[in-house]
Amino acid sequence: TQHMAFVLLLFVFTTSYLPSRVKILLGFLVYGLRMGLYFYMLKADPLFPLTGQLNTALQFLNTTTVYLLLILIMSVFAGDTLRAEGKLAKANRKLNALAETDPLTKLPNRRFILRHIEECVHGSPDPICPTIAIGDIDFFKKVNDTYGHEAGDRVLEVLSELFQKTMEPYGVCARWGGEEFLFFFEHLNLDNAQVVLYELLSKICLLYTSDAADERSSVD
C-alpha cells in the first residue's frame with residue numbers, strides 16, 4: 001500500500017489538467033499519506049508475522065508491480081504527449097503555410113516572397129546574382145467588369161498555375177497584389193531571365209489564342 005503512493009503521485013502530475021498549485025498540494029497530500037502509512041506500520045503490531053523469506057518475496061512483488069505500473073503510465077503519457085506535439089507541429093506548419101500563401105492562386109504571397117528574397121540574398125553562404133521582375137495582367141479590370149469577378153478569379157487561377165510551372169526550375173513566382181505578380185529568379189542574370197519571361201509570354205498568348213478559337217467554335 002505504501003508503494004502505491006508513488007503511482008498516485010504520478011497520476012496526479014500526468015493524467016490531470018488541474019492547475020499547478022492544485023497538483024503541488026495533492027503531491028504533498030500523497031506524501032503525507034505515504035509517511036503516515038510508514039509510521040503506522042512501525043507502531044502497529046502485525047496480525048500475521050511474516051518470515052524473512054516471505055517478507056522479501058512480498059517486497060519484491062510489490063516493488064515490481066509498482067515499477068511496472070509506473071512504466072505503463074509513463075508510456076501512455078509519453079505517447080499522448082508525442083501525438084499532441086505532432087498535431088501541434090502539423091497545425092503550426094499549416095498556419096504558417098496559410099499565412100504565407102495566397103488563398104485564391106495558391107502562390108506565395110508578398111510576406112513570403114520578401115522573406116525568401118532576404119534569406120536568399122543575405123543568408124546564402126554563396127553569393128547569388130538574382131533577377132526580379134514584376135508583371136501584371138493587362139485589361140484585368142475589363143475582364144471583371146465584362147464577365148464578372150468569378151471569371152476574373154478563374155483567369156488568376158489559370159495564369160498562376162502557368163507561372164508556377166514555368167518558374168519552378170528557376171525560382172519563385174508570388175502574387176504581389178491584385179493582378180500583379182513578382183518573379184524571383186534566384187540564379188539567372190537579366191538576359192537569361194528575360195528569355196524565360198518571353199517564353200512565358202508566348203505561352204500566355206498561345207493560351208489566349210486557344211481559348212479564343214474555342215469560343216468562336218462554340219459560337220459557330
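The model is a predicted one, in which local features need pLDDT of at least 70 and side-chain atom pairs count only at pLDDT 80 or more, while totals for chains, interfaces and linings use all residues. Residues are numbered from 1 along each chain as its sequence is written, and side-chain values use heavy atoms, with hydrogens and water left out.

We begin with the open spaces. Rolling a probe the size of a water molecule over the atoms shows where empty space is left. A pocket here is an open set of points, on a 1 Å grid over the protein atoms alone, where a 1.4 Å probe fits and protein lies on both sides within 12 Å along at least five of seven lines, and a lining residue has an atom within 4 Å of a point. Grid points are joined across faces, edges and corners, and the volume is the space filled by probe spheres set on the points.

The largest pocket has a volume of about 1200 Å³. It is lined by 30 residues, of which Ile137, Asp138, Leu159, Ile204 and Tyr208 are the closest to its centre. Two or more lining residues come from each of β1 (131-136), α5 (140-147), α6 (149-167), β3 (180-185) and α7 (190-219), where helices (H or I, at least four residues) and strands (E, at least two) are DSSP runs numbered from the N terminus. The element that gives the most to this lining is α7, with 11 residues. By class, the lining of the largest pocket holds 22 nonpolar, two polar and six charged residues; in this scheme Ala, Val, Leu, Ile, Met, Phe, Trp, Tyr, Cys and Pro count as nonpolar, Asp, Glu, Lys and Arg as charged, and the others, Gly among them, as polar.

The second largest pocket has a volume of about 720 Å³. Gln2, Met41, Leu50, Asn55 and Gln59 are the closest to its centre among the 19 residues that line this pocket, and the elements that give two or more residues to its lining are α2 (20-43) and α3 (52-99). The lining of the second largest pocket divides into 10 nonpolar, seven polar and two charged residues.

In soluble globular proteins, nonpolar side chains tend to be buried together. A nonpolar core is taken as a set of buried Ala, Val, Leu, Ile, Met, Phe, Trp, Tyr and Cys residues joined through side-chain atoms within 4.5 Å, with buried meaning under 20% relative accessible area, exposed over 50%, and partly exposed in between (1.4 Å probe, protein chains only). The largest nonpolar core has 17 residues, and those that touch the most other members are Ile137, Phe163, Cys173, Phe181, Phe183 and Phe185. At least two residues of this core are supplied by each of α6, β3 and α7, and the largest share, five residues, comes from α6. Apart from this core lies another of nine residues, among them Ile117, Ala174, Trp176 and Leu182.

Cys173 counts as buried because its relative accessibility is 4%. Leaving aside neighbours within four places in sequence, Cys173 is in contact (heavy atoms within 4.5 Å) with Leu107, Pro108, Phe163, Met167, Phe181, Leu182 and Phe183. With a disulfide defined as a pair of cysteine sulfur atoms within 2.5 Å, the count comes to zero. The sulfur of Cys173 is too far for a bond because the closest cysteine sulfur, in Cys120, is 15 Å away. Cys205 is likewise in no disulfide, the nearest cysteine sulfur being that of Cys173, 17 Å away, and Cys205 counts as partly exposed at 44% relative accessibility.

Several residues outside the helices also deserve attention. In the loop between α3 and α4 (110-122), Lys106 has a positive phi of about 65° although it is not a glycine, and Lys106 is exposed, with a relative accessible area of 55%. Thr105 is found in the loop between α3 and α4, but counts as buried at 7% relative accessibility. Thr105 is in contact with Leu156, Ser160 and Arg175, leaving aside its neighbours within four places in sequence.

Phe139, in the loop between β1 and α5, has a positive phi near 55° and counts as exposed at 67% relative accessibility. In strand β1 lies Ile134, whose C-alpha atom is separated by 4.5 Å from that of Leu182, 48 residues apart along the chain.
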